[in-house]
Amino acid sequence: MSTKTIASGKALSIVPLSDLTHGQEADLFALLSSKEELTTRDGKPYFKITFRDHARELSFPIWNDSTWSVECRERWRAGIFYKLRAVYRDTNFGPQLDIKKIRETVEADAADGFDPLACQKRSRFDPGAMFDDLTALVWDRISDAALRSLVIDILAGNREQLTRLPAATRNHHAYVGGWIEHVLSVTRSAAFLADKYDELYPEMQPRLDKGLVVAGAALHDIGKLREYRQEPQGAVYSAEGALIGHILQGRDIVREAAVGRDLPAEILLRLEHIIVAHQRLPEWGSPKPPMTPEALLVHYADDLDAKYQMMFQALHDDATPGPLTSKKNQLFQQVYRGS
């Protein structure tokens, strides 16, 4: 570790990288997300480094004659969190940090608010509040006590992880809190659709089980608890995720939780089917298409929410001039923004 640490000298206020303004000096935590060794057109060597937190990323050079050149070459590592003292500057070449002191983070930094997930993108909404809204919806909409208890126990037993988990590694809701944001939205949509179609088709036999729709929506992506492993730079696939995927692991979680409960076998079978069929197509990971009304509603609520978030992201991120975005987005298509 560098002898040039923040431990010496008078402490400054901890300020998130994304909150810094031009000319401000502060202590901050940031992830060194990349380090590239490059040369200019004139052959001058330098390192291009990138620091980021959840909302801001900035890249700038460490020149070969810089006081930090040796430190950067020998000690700084991409994928590692650092505590810095630095001055933030807006320059003609983009935002940069004038680094005064730097060291790797240590366990004691948690007392100053350091969180390894703090440098990842995160939901716009409070994950804890969304989790409470989801459990309240489950309590209100599932009348079968055994089914309601199963869903609540699975959610409550994994609350901490579910409020931090992304919904995907890149396609949609791929940020901290993305899982709960997506699942809450899907469950609200599925509950609305269940009310609508039950009212339209009261003569359906067997009648639509609206509580089962809510249960399936709330648990459709529960297998992502085992599919992903969260690392400093985002979620990555676990070995189980790569080899088995979240659909079958979701069914496993439900089956394991159902042992010893007074839950009818028919209800459990239908709940498992919702999870297994929610992506509909084999190429998307589902071994079976939706074969019950409940599974059909959950599939389309899920697909709509994922696609809508992708369209939002395409419009939000794309800087292509003109009325249409580029095709470089998760939908792999242009989106019309208007003239």
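**Entry 1: the hairpin**

I began with the hairpin that joins strand S2 to strand S3 through four residues, in a model that is predicted. I found S2 at residues 45–52 and S3 at residues 57–63, paired in the antiparallel sense over seven bridges (strands count as paired if DSSP finds at least two bridges between them). Looking across the pair, I noted that Phe 51 stands opposite Leu 58 in S3. Strands here are DSSP runs of E with at least two residues, and helices are runs of H or I with at least four, both numbered from the N terminus.

**Entry 2: two helices**

I then looked up H10 (residues 265–277) and H11 (residues 293–317), whose axes come within 9 Å and cross at roughly 30° (axes are lines fitted to C-alpha atoms, for helices over the stretch in contact, with angles from 0 to 180 degrees between N-to-C directions). H10 and H11 are therefore roughly parallel to each other, a term for angles under 35 degrees. Where they touch, Arg 270, His 273 and Ile 274 in H10 meet Glu 294, Ala 295 and Val 298 in H11, contact meaning heavy atoms within 4.5 Å.

**Entry 3: confidence**

I checked pLDDT, the predictor's confidence in each residue from 0 to 100, and found a chain mean of 91, with 96% of residues at 70 or more. Over residues 1–8 pLDDT stays under 50, although the model has 23 contacts for them beyond four places in sequence. Where pLDDT is low, the predicted coordinates should not be read in detail.

**Entry 4: ground rules**

I kept in mind that local features need pLDDT of at least 70 and side-chain atom pairs 80 or more, while totals for chains, interfaces and linings use all residues. Residues are numbered from 1 along each chain as its sequence is written, and side-chain values use heavy atoms, leaving out hydrogens and water.

How values were computed:
Parallel < 35°, antiparallel > 145°, perpendicular 65-115°, else oblique.
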